[in-house]
Amino acid sequence: GKVVVFGGADLLPTATLFDPTPRLADGFGFSLVMADADADGTKELFVGVPGARAMGRDFAGEVFVFTF
């Protein structure tokens, strides 16, 4: 999967994020949150992957954090 980020006054694509651990139908990008989680003035994008295999378990889920 992938997530396309749009921004600027013209709302053009500014970034394309790809699943670092791709797996068929894992749901990369199912949930998205953008926030300055660590209060450093830079926003982070949290990308949920509910169907990810993690710690040896199917559908354990993962969250990836991308900095903008």
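Biologist: Let's start with one side chain: what is the relative accessible area of arginine 23?

Modeller: Keep in mind that this is a predicted model. Buried means under 20% and exposed means over 50%, and arginine 23 is partly exposed because its value lies in between. The relative accessible area of arginine 23 is 33%.

Biologist: Now a step back: how many strands does the protein chain have?

Modeller: The elements run β-β-β-β-β from the N terminus on. There are zero helices in the chain. The number of strands is five.

Biologist: And what share of the residues in the protein chain is buried?

Modeller: The C-alpha atoms fill a box of roughly 40 × 25 × 15 Å along the principal axes. The chain has 68 residues. Of these, the buried share is 26%.

Biologist: Back to arginine 23: which aspartate meets its side chain in a salt bridge?

Modeller: Side chains of opposite charge can pair when their charged atoms come close. Here the distance from N to O is 3.2 Å, and a salt bridge needs such atoms within 4 Å. The partner of arginine 23 is aspartate 58.

Biologist: How many residues apart in sequence are the parts that this pair ties together?

Modeller: Arginine 23 lies in the loop between S2 and S3, while aspartate 58 lies in the loop between S4 and S5. The pair therefore ties together parts of the chain whose separation in sequence is 35 residues.

Biologist: Over which ring does the charged end of arginine 23 sit?

Modeller: For a charge to count as sitting over a ring, it has to be within 6 Å of the ring centre, among other conditions. The charged end of arginine 23 is 5.6 Å from the centre of the ring in question. That ring belongs to phenylalanine 59.

Biologist: Is the one aromatic pair stacked, edge-to-face or tilted?

Modeller: The rings of phenylalanine 28 and phenylalanine 64 have their centres 6.4 Å apart. Phenylalanine 28 is in the loop between strand S2 and strand S3, and phenylalanine 64 is in strand S5, 36 residues apart. Both phenylalanine 28 and phenylalanine 64 are buried. Their planes meet at 50°, so the pair is tilted.

Biologist: Which side chain of opposite charge is nearest to glutamate 44?

Modeller: Glutamate 44 is found in strand S4, where it is buried yet has no salt bridge. A polar atom of its side chain does lie 2.8 Å from the backbone nitrogen of alanine 37. The nearest side chain of opposite charge is 10.0 Å away, and it belongs to lysine 43.

Biologist: How far from aspartate 26 is its nearest side chain of opposite charge?

Modeller: Aspartate 26 lies in the loop between S2 and S3. Its contacts beyond four places in sequence include Val49, Pro50 and Gly51. Aspartate 26 is buried without a salt bridge, and the distance to arginine 23 is 6.8 Å.

Biologist: One last question: what is the relative accessibility of leucine 45?

Modeller: Leucine 45 is found in strand S4. Its contacts beyond four places in sequence include Val3, Leu17, Leu32 and Phe64. The C-alpha atoms of leucine 45 and leucine 32 are separated by 6.9 Å, although the two are 13 residues apart along the chain. Leucine 45 counts as buried, with a relative accessibility of 8%.

Definitions and conventions: Residues are numbered from 1 along each chain as its sequence is written. This is a predicted model: local features need pLDDT of at least 70, side-chain atom pairs count only at pLDDT 80 or more; totals for chains, interfaces and linings use all residues. Side-chain values use heavy atoms; hydrogens and water are left out. Rings of Phe, Tyr and Trp (its six-membered ring) pair if their centres lie within 6.5 Å; planes under 30 degrees apart count as stacked, over 60 as edge-to-face and the rest as tilted. Helices (H or I, at least four residues) and strands (E, at least two) are DSSP runs, numbered from the N terminus. Buried means under 20% relative accessible area, exposed over 50%, partly exposed in between (1.4 Å probe, protein chains only). A charge sits over a ring if NZ of Lys or CZ of Arg is within 6 Å of the ring centre and within 35 degrees of the ring normal. Lys and Arg count as positive and Asp and Glu as negative; His and the chain ends are not counted. A polar contact is a pair of N or O atoms within 3.5 Å; within protein, one must be able to donate a hydrogen and the other to accept it, and residues adjacent in sequence count only if both atoms are side-chain atoms. Contact means heavy atoms within 4.5 Å.
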